[in-house]
Amino acid sequence: MKNNMFHILQKELREMFRDKKSLSMMLIVPLMIPLLVIGMSALFDKESNKKAEDYGKIGFCYDLSEVEENLASTMGIEVFQGTLEEIQEKYNQQELDLYITKEDTTYTFHGNAGETTSYASILATSYFNAYKEYLQNEYLTEFGIDASKVQQILTIEEDFVEQENFFANYITTYAFLFIIMAITISATYPATDATAGEKERGTLETLLTFPIKSKDIIIGKFLSVSLSSIITGLLSLGLTIVSLYFANDMFTLYEGVDLMLSPLALVFASITIIAYSFLISGLCIAIASRSKTFKEAQSALTPITFISFFPGMIAFMIHLETTTVLSLVPFLNFTLLFDDIVSGSVNYLHILLMLISTIVVITIVLFVIIRQYKSEKVLFSH
């Protein structure tokens, strides 16, 4: 039995490594991870280090005093003055980031809700806070009141507990989500070729004429697809670590943050990747085995790519935390565990429950596939 299974595994691996499409899925897809990590880091770094002059073009629909002009110049605001119609026209032509109108002592900010307007609004608010402080000083001094004593009547101190760097958490989480997607993509093609592909070519029927048990055939195919997925997953993990290492030094938004995983975290990440590779390989083979043609199997497997990615993405967006129950839920548990691994708060029980859940699902899936391969109606119906 073991000898037959080994021969099937050898046959599948030989065909897989000879197939350029299988190799491209296995090796090329992970190369997208450095682009993801470096590209998104560069984008976040650019936004977080935006200079005042990038959003400091502000229109004033009234005349500024010399004090206001000096204050605006000090804060890096590029002042545009004119009538309401003139300023509105400039804003509509995207020459301004924001414009301000004045009625008595009420100042109103005008603009379209958006990133640039938001930045400009923050800058304008700082400007008016500084101008208000100047006016208060002048008013108090006029009446012989020590302005410093009035303004320092309250003392405010800050004691904020340092939180995780949002950008670092975002990048690492999505890098691991992309690893899951890369493994899924890597599993779909060889699983399709080893089942529906062989059925379409007629080689599966020939294989079943040999004195080999269906169980040996299925497990051999399952192990070959799983090996392909594991290679993709571990390669993706390695490229993720390398990308995070370079991103850590390249971008200022990660200053003071260590993106690197500890050796223990890498071990847990590898275990999670291997477990997911076995799970997704079994599911892909089960789905593809029921298809009559290669094209039909590809269509049937398309949704599984989204199913593998979206639960994790939603969990990240709503800040879902790992629990005993959720660590048993396929797909979702892998993403939650990756998030725990990144944050350094791995729970051994959750890892164990994930492994138990994965083994149970794989056992059920393999049992179903073996029964399928014993059914001529499923294999050879046209």
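Colleague: Is Cys284 buried or exposed?

Modeller: Start with the idea. Buried means under 20% relative accessible area, exposed means over 50%, and partly exposed lies in between (1.4 Å probe, protein chains only). Cys284 has a relative accessible area of 0%, so Cys284 is buried. Cys61, at 18% relative accessibility, also counts as buried.

Colleague: What kind of model is this?

Modeller: This is a predicted model, in which local features need pLDDT of at least 70, side-chain atom pairs count only at pLDDT 80 or more, and totals for chains, interfaces and linings use all residues. Residues are numbered from 1 along each chain as its sequence is written, and side-chain values use heavy atoms, with hydrogens and water left out.

Colleague: How many disulfides does a search of the whole structure find?

Modeller: A disulfide is a pair of cysteine sulfur atoms within 2.5 Å. The search of the whole structure gives zero.

Colleague: How many helices and strands are in the chain?

Modeller: Both are DSSP runs, numbered from the N terminus: helices are H or I with at least four residues, strands are E with at least two. The chain has 15 helices and four strands. Of its 382 residues, 44% count as buried.

Colleague: In what order do the strands form the sheet?

Modeller: Two strands pair if DSSP finds at least two bridges between them. Here the four strands make an open sheet, ordered 2-1-3-4, with mixed pairing. Strand 2 (78-81) and strand 4 (106-110) are at the edges with a single partner strand each, so one side of each has no neighbour in the sheet. From one strand to the next, the twist averages 25 degrees. Axes for such angles are lines fitted to C-alpha atoms, for helices over the stretch in contact, and angles run from 0 to 180 degrees between N-to-C directions.

Colleague: Which strands run parallel, and how many bridges join them?

Modeller: Strand 1 (residues 57-60) and strand 2 run parallel, joined by four bridges. Ile58 has Val79 as its bridge partner in strand 2. Strand 1 also pairs with strand 3 in the parallel sense, over three bridges. There, Gly59 is partnered by Tyr99 of strand 3.

Colleague: How do strand 3 and strand 4 run?

Modeller: They run antiparallel, with five bridges. Tyr99 faces His110 of strand 4. The hairpin of these strands has two residues between them, and Asp104 takes a positive phi near 60 degrees there.

Colleague: Which helix packs on the sheet?

Modeller: Contact means heavy atoms within 4.5 Å. Helix 5 (residues 84-92) packs on the sheet and touches strand 1, strand 2 and strand 3 (98-103). The direction of helix 5 makes about 160 degrees with that of strand 3. Asn92 belongs to helix 5. At 62% relative accessibility, Asn92 counts as exposed.

Colleague: How is a pair of aromatic rings described?

Modeller: By the distance of the centres and the angle of the planes. Rings of Phe, Tyr and Trp (its six-membered ring) pair if their centres lie within 6.5 Å; planes under 30 degrees apart count as stacked, over 60 as edge-to-face, and the rest as tilted. The structure holds 15 aromatic pairs. Take Tyr127 and Phe128: their ring centres are 4.8 Å apart and the planes stand at 75 degrees, so this pair is edge-to-face. Both Tyr127 and Phe128 are buried.

Colleague: Which aromatic pair is tilted, with 40 degrees between the planes?

Modeller: Phe222 and Phe278, at 5.8 Å centre to centre. This pair links distant parts of the chain, 56 residues apart: Phe222 is in helix 10 (residues 214-250) and Phe278 in helix 11 (residues 263-289). Phe222 counts as buried at 6% relative accessibility. Phe278, at 25%, counts as partly exposed.

Colleague: Which residues do ring pairs link into a cluster?

Modeller: Phe60, Tyr62, Tyr107, Phe109, Tyr127, Phe128, Tyr131 and Tyr134. A charge sits over a ring if NZ of Lys or CZ of Arg is within 6 Å of the ring centre and within 35 degrees of the ring normal. The charged end of Lys102 sits over the Tyr62 ring, 5.6 Å from its centre.

Colleague: Back to helix 10. With which residues is Ser229 in contact, leaving aside neighbours within four places in sequence?

Modeller: Ser229 lies in helix 10 and is buried, with a relative accessible area of 0%. Beyond those neighbours, Ser229 touches Ile183, Ser186, Ala187, Ser277, Ile280 and Ser281.
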